[in-house]
Amino acid sequence: MRSCGAWAGRELLVLLSSMWLCTAQPTPPGPTRSPAPPLKFRLAGYPRKHNEGRVEVFYNDEWGTICDDDFTLANAHVLCRHLGFVAATGWAHSAKYGKGVGRIWLDNLNCAGGEKGVGDCKHRGWGNSDCSHEEDAGIICKDERIPGFKDSNVIEAEQSHVEEVRLRPVVSGARRQLPVTEGIVEVRYKDGWAQICDQGWDSRNSRVVCGMMGFPAEKKVNRNFYKLANKSQPKQKHREDVGFKKRLFMERQQLNYRLHSVSCMGTEVHLSMCTFEFYRGNASAACAAGTPAVVSCVPGPLFATGNGHKKKQRQQQQGQPRLRLKGGAKVGEGRVEVLKSSEWGTICDDRWNLLSASVVCRELGFGSAREALTGARMGQGTGPIHMNEVQCLGTEKSLWSCPFKNITQEDCKHTEDAAVRCNVPYMGYENLIRLSGGRSRFEGRVEVAVGAADGEQPRWGLVCGEGWGTLEAMVACRQLGLGFANHGLQETWYWDASNVTEMVLSGVKCAGHEMSLSHCQHHGTSVSCRNTGTRFAAGVICSETASDLLLHAPLVQETAYIEDRPLHMLYCAAEENCLSSSARTANWPYGHRRLLRFSSQIHNNGRADFRPKAGRHSWVWHECHRHYHSMDIFTHYDILTPNGTKVAEGHKASFCLEDTECEEDVAKRYECANFGEQGITVGCWDLYRHDIDCQWIDITDVKPGNYILQVVINPNFEVAESDFTNNAMKCNCKYDGHRIWVHSCHIGDALSEEASKRFEQYPGQLNNQIL
């Protein structure tokens, strides 16, 4: 309860105990237990009236929000009564009153409306949520108090909380440069912004602000540049002085101080978590001996501008990092993976919190953490779980400096993988792209703004659909802030609802990780598009979640063997191009082909089902094998030399995508029988046994030697996934002309860079001789 007192002193948003929890209850027989602390509730957010706002609950010594999933008016009734109002008149979704910070305590809250308190309502469990703060629920209560209710939720005329914070640059040139790394710290106040008095301001306060702005560190700022000019000093000789320009700017501004005596520990993720005081009443004489607080931040590698910054970042980043994020839609979010003993692994979410998450974010070059996510919210990882019960103080430079426990298999599973959402600098990329014509905000024809530099009015135009695919759509959806791409569309005649008709961007080719389409390769100002009609403009369908396919590497290693199969048994396989090109000149039906056979077990570890891009109306029937192909090429199988040259290759069409087996408590959804729907459910896997047609590589023409076996799932990126870097699996294989040994199978990005090099250069490979 100590944190409750701290909050009460700092914020005058009234905290209300749920009265029913405080009433006397008959004591059951048995040992006496300490009663659970009563829940507390408050309304927050801005702008709002006294009887409405984002609803926040104090549980387990921490304030958090409620997700809007399945939220109803009945929920709002119960919550309003907690707050002393007789009933609710409405509720709000999608963070109408602003996004909260910290935990999301409740999700899928389901009240009937007559409950005495939220504790009697159904929900997913405290802290068990798959939401972000963009889904924070708000309530509107009837402006009528419950008779005799002691507490109130009346907001004083003076605002007593801090939610929005910004850095305002003071030099005109700096205002156009993003990200803003230096400026005056301002907090939202009513319909404008107010300053903070810098008396007592120190680097720990700056660290918190920089973390909120998406920067990993702060640096010392020359405050003399920002002090008000002494009017008795001569000014003419300083006309070109940048510091003088800043002082002039400060003189021209009407300062409106609201906060003073700010004191942070430096580990807080938001300024509202620090102690501070508000100026009350007439603040015209406020901060007489000081100036507005000014902060200067150090950007991370992705956001560094200028050669000096980038050179310094390169020097700091020599050697492979031991930390990475996987599976996130946006920059600065994802499942946390750490490198230990040359192998990447995950972190168990036991005791995972914002302090530890912030250490991760800052180490990766972002700001503090917005959210510390549990329960594999960014998808499940593979391989070892390296850390558990990580307990950072928040001051550590590296996650490896934090106390943690090594775990056993019984302690954690990948369903408990920890993840983060970090604060990242505002770059304004979302203002340079928009969608038009779609049925929802998640789909439409892509329109981009060009010529917006130097304050000019942007000109909106279309993107040529030639070559537009899933990777380009992934970047567009990321830039829009809409998650992942479901589809990248090369024709959009059905979304012809805009007056924008000019093609302004062509030849777009993305790697998939870029933050903006402008970062991808393209033709620049020389637009070259074969079909310039609006129907051939690029479009996207975005989704908040995506699938993530991985091959079970040990099974390949366990099941690999060689078969000499007679040609008369391979007619169907030849029809589907499952044999090497030399088979065309073979003496059919006599002779045989030598096949490397193995089983493939393909798991969906993502957060959305894997579905073929083509609808069943366009699936191709193959009479020979008597089945439908929903994807022409589902996997590539290759035998490679050490320098990457293919000496044998095969491919596997999706004979049938279905749920062969699933994890416990996951139901099968896809079955191919009777022209059924095809796909792989989250938590399920599709098994292609070694003894079915085309589940092989034709190695008839391969000479004895040491090679790499490579299997790539979804090689043409036909279907969007949250992570394409784990779609390849590699094995070492040694072939003596009669037998084959397959070993060291692993997912392509599972090893360190050094271990990957050793894998590709084991003895005997370079000259292709058996040792």
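Biologist: Before we look at pairs, what is a salt bridge here?

Modeller: A salt bridge is a side-chain nitrogen of Lys or Arg within 4 Å of a carboxyl oxygen of Asp or Glu. This is a predicted model, in which local features need pLDDT of at least 70 and side-chain atom pairs count only at pLDDT 80 or more, while totals for chains, interfaces and linings use all residues. Residues are numbered from 1 along each chain as its sequence is written, and side-chain values use heavy atoms, with hydrogens and water left out.

Biologist: How many salt bridges does the count come to?

Modeller: By this rule there are 36 salt bridges.

Biologist: Which side chain does Arg421 meet in a salt bridge?

Modeller: Arg421 pairs with Glu333, at 3.2 Å from N to O. The two belong to distant parts of the chain, with Arg421 in strand S20 (residues 419-422) and Glu333 in strand S16 (residues 333-340), 88 residues apart; strands (E, at least two residues) are DSSP runs, numbered from the N terminus.

Biologist: Buried or exposed, those two?

Modeller: Arg421 and Glu333 are both buried, where buried means under 20% relative accessible area, exposed over 50%, and partly exposed in between, with a 1.4 Å probe and protein chains only.

Biologist: Moving on, what does Asp698 form a salt bridge with?

Modeller: Asp698 forms one with Arg593, and their closest N and O atoms are 3.1 Å apart. Asp698 lies in strand S37 (residues 696-698) and Arg593 in strand S29 (residues 592-597), so the pair ties together parts 105 residues apart in sequence. Asp698 is buried, with a relative accessible area of 2%, and Arg593 is buried as well, at 5%.

Biologist: And what about Asp701 and Arg593, how far apart are the closest N and O atoms?

Modeller: Asp701 forms a salt bridge with Arg593 in which those atoms are 3.9 Å apart. Asp701 sits in the loop between S37 and strand S38 (705-713), 108 residues from Arg593 in strand S29, and Asp701 counts as partly exposed at 48% relative accessibility.

Biologist: Which residues does Ser129 touch?

Modeller: Leaving out residues up to four places away in sequence, Ser129 touches Cys67, Ile104, Asp107 and Arg377, a contact being heavy atoms within 4.5 Å. Ser129 and Ile66, 63 residues apart in sequence, are 9.2 Å apart in space, C-alpha to C-alpha.

Notes. Helices (H or I, at least four residues) and strands (E, at least two) are DSSP runs, numbered from the N terminus.
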